[in-house]
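Here is a friendly walk through one model, element by element. Have the sequence and the 3D view open side by side as you read.

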Amino acid sequence: MAAALAEARLAAAAGEVPIGCVIVVAGEIRAATHNRREELNDPTAHAEVLAIREAGQRLGTWRLSGATLYVSLEPCPMCAGALVQARVEHLVYGADDPKAWADRSLLELLQNPGLNHRVKVTAGVLAEESSTLLREFFRSRRGNGL
């Protein structure tokens, strides 16, 4: 999770919402990235989607069985769907996102019994650090009239 937070800090420095993500397979980081929606002018350029793409390219497969995805904020519904489609084994995230609700709140996409794959979830890892980074980012943006 520390590596995901380092990626989140890079996002903030680039003016992106500070969300970072890494994918680990067999104890090795296979992808590390952060939000790049502003840079790429792409609403799908969330940290998780970019990391899944990168890991798939590096591993030579879209099936990320055995992978653990670490992300600083609870995934949105789009990203949760991507985790299911990529067959990610385990999600570890920092801060809860009451607006996304993709893990255990409203949508429960990651462990939905109606889907063909379920993702093991560990929530709240370095949650305070993740939340603080997000709060400070949005406070600074509001302070600049944005």
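## A buried proline in a loop

P18 is found in the loop between helix 1 and strand 1; helices (H or I, at least four residues) and strands (E, at least two) are DSSP runs, numbered from the N terminus. The relative accessible area of P18 is 1%, so P18 is buried. Buried means under 20% relative accessible area, exposed over 50%, and partly exposed in between, with a 1.4 Å probe and protein chains only. Setting aside neighbours within four places in sequence, P18 is in contact with A8, A11, A12, S72, L133, L134 and F137, where contact means heavy atoms within 4.5 Å. From C-alpha to C-alpha, P18 and A6 are 9.5 Å apart in space and twelve residues apart in sequence.

This is a predicted model, in which local features need pLDDT of at least 70 and side-chain atom pairs count only at pLDDT 80 or more, while totals for chains, interfaces and linings use all residues. Residues are numbered from 1 along each chain as its sequence is written, and side-chain values use heavy atoms, with hydrogens and water left out.

## Helix 1

The twelve residues of helix 1 should span 16 Å at 1.5 Å a residue, and the end C-alpha atoms of helix 1 are 17 Å apart, which agrees. The expected span of a helix is 1.5 Å times one less than its number of residues. Buried in helix 1 are A4, L5, E7, A8 and A11. These residues cover an arc of only 155° around the axis, so they sit on the same side of helix 1; the arc is that of the directions from the helix axis to the C-beta atoms.

What do the buried residues of helix 1 pack against? Their partners are strand 1 (20-25), strand 2 (28-34), strand 3 and helix 5. On the face turned away from that buried side, helix 1 carries the exposed residues A2 and A13. After helix 1 comes G15, whose phi is positive, near 80°.

Helix 5 has 17 residues and reaches 24 Å from its first C-alpha to its last, close to the 24 Å expected at 1.5 Å a residue. Its buried residues are S130, L133, L134 and F137. Because they cover an arc of only 90° around the axis, they are on the same side of helix 5. Exposed on the other side of helix 5 are E128, R139, R142 and G143. The cover over the buried residues of helix 5 includes helix 1, strand 3 (67-73) and strand 4 (90-95).

How do the two helices meet? The axes of helix 1 (residues 2-13) and helix 5 (residues 127-143) come within 11 Å and cross at roughly 0°. That makes helix 1 roughly parallel to helix 5. Here axes are lines fitted to C-alpha atoms, for helices over the stretch in contact, and angles run from 0 to 180 degrees between N-to-C directions. Angles under 35 degrees count as roughly parallel, over 145 as roughly antiparallel, 65 to 115 as roughly perpendicular and the rest as oblique.

On the helix 1 side, L5, A8, R9 and A12 meet E129, S130, L133 and F137 of helix 5. The residues of this contact divide into five nonpolar, one polar and two charged. In this scheme Ala, Val, Leu, Ile, Met, Phe, Trp, Tyr, Cys and Pro count as nonpolar, Asp, Glu, Lys and Arg as charged, and the others, Gly among them, as polar.

## A serine in strand 3

S72 lies in strand 3 and counts as buried because its relative accessibility is 2%. Apart from neighbours within four places in sequence, S72 is in contact with M1, A4, L5, A8, P18, I19, G20, G94, A95 and S130.

## Helix 3

Helix 3 (residues 47-59) has 13 residues and reaches 18 Å from its first C-alpha to its last, close to the 18 Å expected at 1.5 Å a residue. A47, E48, V49, L50, A51, I52, A55 and G56 are buried in helix 3, and what covers them includes strand 1, strand 2, strand 3 and helix 4. Helix 3 is followed by G60, with a positive phi near 75°.

## Loops worth a look

R87 lies in the loop between helix 4 (77-85) and strand 4, and R87 has a positive phi of about 65° although it is not a glycine. L126, in the loop between strand 5 (120-123) and helix 5, is not a glycine either, yet its phi is positive at about 55°.
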